[in-house]
Amino acid sequence: MYTIPGILFVTALFCVLSPTQIRAQKPTQPNVLFILTDDQGSIDLNCYGASDLSTPNLDALAQSGTRFTRFYVAAPVCSPSRASLLTGLNPHAAGLPGNASSRQGTPGMPSNRITIAEAFKKEGYTTAHIGKWHLGFSPETMPNAQGFDYSFGHMGGCIDNYSHFFYWDGPNRHDLFKNGMEVWHDGQYFPDLMLEEAEGFIEKNRDHPFFMYYAINMPHYPLQPTLTWREHYRNLPRPRRDYAAFVSTVDERVGQLLDKLSQLGLRDNTIVIFQSDHGHSVEERTFGGGGNAGPFRGAKFSLFEGGIRVPAIISWPRQLPANKVCNTMAFNIDWFPTLLEFCHLPNPYALEGQSLAPIISGQSQGNPNRQFIWKSGISWAIREGDWKLIASPQDPVNPASIDPDKDRFFLANLRLDSTEQTNYAEQYPDRVQALIKSYLSWEYASQNDLPVQQVKINHLAVGHPITLEQQPAPKYKGQGADMLTDSKTGTRNFNDGFWMGFLGNDLEATIDMGRVQPISEISVGALQDCDSYIFLPSGITVSFSNDGKHFIKPITRKTGTLDKSNEKFISRIALPTEDVDARYLRIKVENVGICPPWHPAKGSPAFLFVDEITVH
């Protein structure tokens with residue numbers, strides 16, 4: 001146990017004093033400032049090797065404390081990474097394995113999960129959330145109900161930094177809240193509003209220990225850096241130029257906040273932690289990239305290192321060593337128990353994270369064979385020592401580099417090849433099977449998680465023309481209508497090019513079989529992926545025609561109750577037709593329309609994904 005001298009606990013006081021009185025009795029309790037950036041790449045600080053960036057304040061923070069070189073987050077996307085950070089649990093145990101909705105009124109991380117803010121508040125700390133939340137947009141899941149005395153920021157995934165509107169999907173909506181109430185600051189730069197709120201909170205609580213979760217919404221899109229930094233990077237190519245300017249905008253604001261601590265005489269006794277929530281984005285909204293994972297493969301959404309390996313720093317001038325580099329593997333779920341130990345607070349919580357205090361203080365080298373499991377979308381990974389097995393790997397930076405069959409299981413050895421370019425699965429099949437077995441013993445694993453090969457189904461409609469009455473979502477149109485009758489089925493990856501996705505509406509299609517012939521069965525492939533708002537159809541109807549104009553004998557099958565699990569699976573729904581003779585088949589696959597009441601995004605438009613329509 002790492003101990004901190006000079007802190008005296010009078011345990012009897014806890015039985016009779018209020019939290020305010022307790023704070024007054026512990027003037028030397030350290031403050032905690034947790035700084036979280038959004039979509040920042042694995043090496044996107046000067047101190048991590050990004051030679052084209054100017055980040056003097058964060059570089060100085062690293063020099064004043066410990067910089068981690070093998071630090072991981074529990075998920076490669078925003079909400080589950082944040083949920084795991086605040087609860088010390090993996091995202092599934094935290095109750096938020098996928099992104100929370102950005103629509104007001106929708107829940108997110110369950111309120112019965114204990115957050116680090118609740119733990120600190122219980123022990124007399126004043127707690128604050130400043131910035132991005134993205135963990136729920138209902139009263140019981142917003143910050144003030146999750147342990148934060150004070151909250152200012154946006155509840156959804158991102159906002160425009162000047163209008164504070166969420167423009168990702170319609171209808172556009174304003175998203176800026178203070179303590180659960182909507183507030184308006186039209187035209188004011190959100191990073192400056194964050195800084196103003198944070199400085200005001202620190203000033204007000206300078207004489208009492210505080211815990212602040214400072215969740216910066218940068219360098220997440222929209223990329224809106226200040227003019228000073230745009231000019232500074234004007235000679236860099238786009239998209240690096242805008243991204244770099246946004247990172248330096250972050251660094252500048254962090255420097256101002258740390259200066260405030262120093263001006264108030266609080267810096268030496270404030271534990272400052274800095275990290276990114278996951279890897280950089282290559283989404284269209286961020287101009288296809290701009291961030292840098294250095295030698296590491298992948299980015300946001302990926303379980304390759306570039307999606308989950310992030311910059312991380314801890315500094316506490318009064319107690320911790322300066323200018324230290326830690327090469328021990330560590331995770332964002334470890335901060336919860338670490339901070340409890342540093343602050344000498346009780347830890348009765350069933351946390352999965354492990355305290356890093358002995359490692360940071362130099363009393364331990366940690367466990368080099370520590371196991372960790374990630375599960376995100378259709379992908380999962382398990383790490384044991386140098387070995388890491390990824391199932392259904394995704395590489396957003398270079399999607400074509402993944403062979404959907406050969407790389408279904410990707411075995412990496414991070415000692416032999418930290419870039420994860422080499423798949424050792426064929427060379428070490430026993431290792432693959434052992435890691436699969438370890439994964440399946442995890443309580444959140446399922447046999448449905450095992451990737452399957454794409455298969456071909458020979459049937460009567462292959463090669464025959466098919467027309468759509470309603471168009472799919474532009475992003476999920478696949479390879480056109482003909483893909484629905486090309487004999488090739490999709491995998492559990494709805495982005496594999498073999499699925500057609502409809503947002504809020506149905507699939508309605510007509511197949512011309514070329515001649516009148518007997519039809520005994522029709523089946524439709526459908527996908528369930530609740531985390532991605534994809535649900536099985538509510539029903540399927542088929543009607544028949546010989547002339548393509550008059551359709552008769554409709555046959556309908558309702559699919560029943562929606563599956564409420566987080567399982568991701570393919571279902572092939574068959575309709576026997578009792579040997580109907582027909583040339584034209586009209587097929588309607590009914591979308592559930594909106595996410596059901598039990599779903600975190602209840603009321604939001606639901607997706608219907610369909611692949612091969614077979615005719616026998």
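The chain holds twelve helices and 25 strands, where helices (H or I, at least four residues) and strands (E, at least two) are DSSP runs numbered from the N terminus. Its radius of gyration, taken over C-alpha atoms, is 26 Å, close to the 25 Å from the globule rule (2.2 Å times the number of residues to the power 0.38), so the chain is as compact as a globular protein of 616 residues. Along the principal axes, the C-alpha atoms fill a box of roughly 90 × 60 × 55 Å.

Before going further, please note that this is a predicted model, in which local features need pLDDT of at least 70 and side-chain atom pairs pLDDT 80 or more, while totals for chains, interfaces and linings use all residues. Residues are numbered from 1 along each chain as its sequence is written, and side-chain values use heavy atoms, leaving out hydrogens and water.

How much of the chain is buried? Of the 616 residues, 59% are buried, meaning under 20% relative accessible area with a 1.4 Å probe, protein chains only. Among contacts (heavy atoms within 4.5 Å) between residues at least 6 apart in sequence, 71% join residues at least 24 apart.

Now to the cysteines. A search of the whole structure finds zero disulfides, a disulfide being a pair of cysteine sulfur atoms within 2.5 Å. For C343, the nearest cysteine sulfur is that of C326, 19 Å away. C343 counts as buried because its relative accessibility is 0%. For C530, the nearest cysteine sulfur belongs to C595, 8.6 Å away; C530 also counts as buried, at 2% relative accessibility.

How values were computed
Buried means under 20% relative accessible area, exposed over 50%, partly exposed in between (1.4 Å probe, protein chains only).
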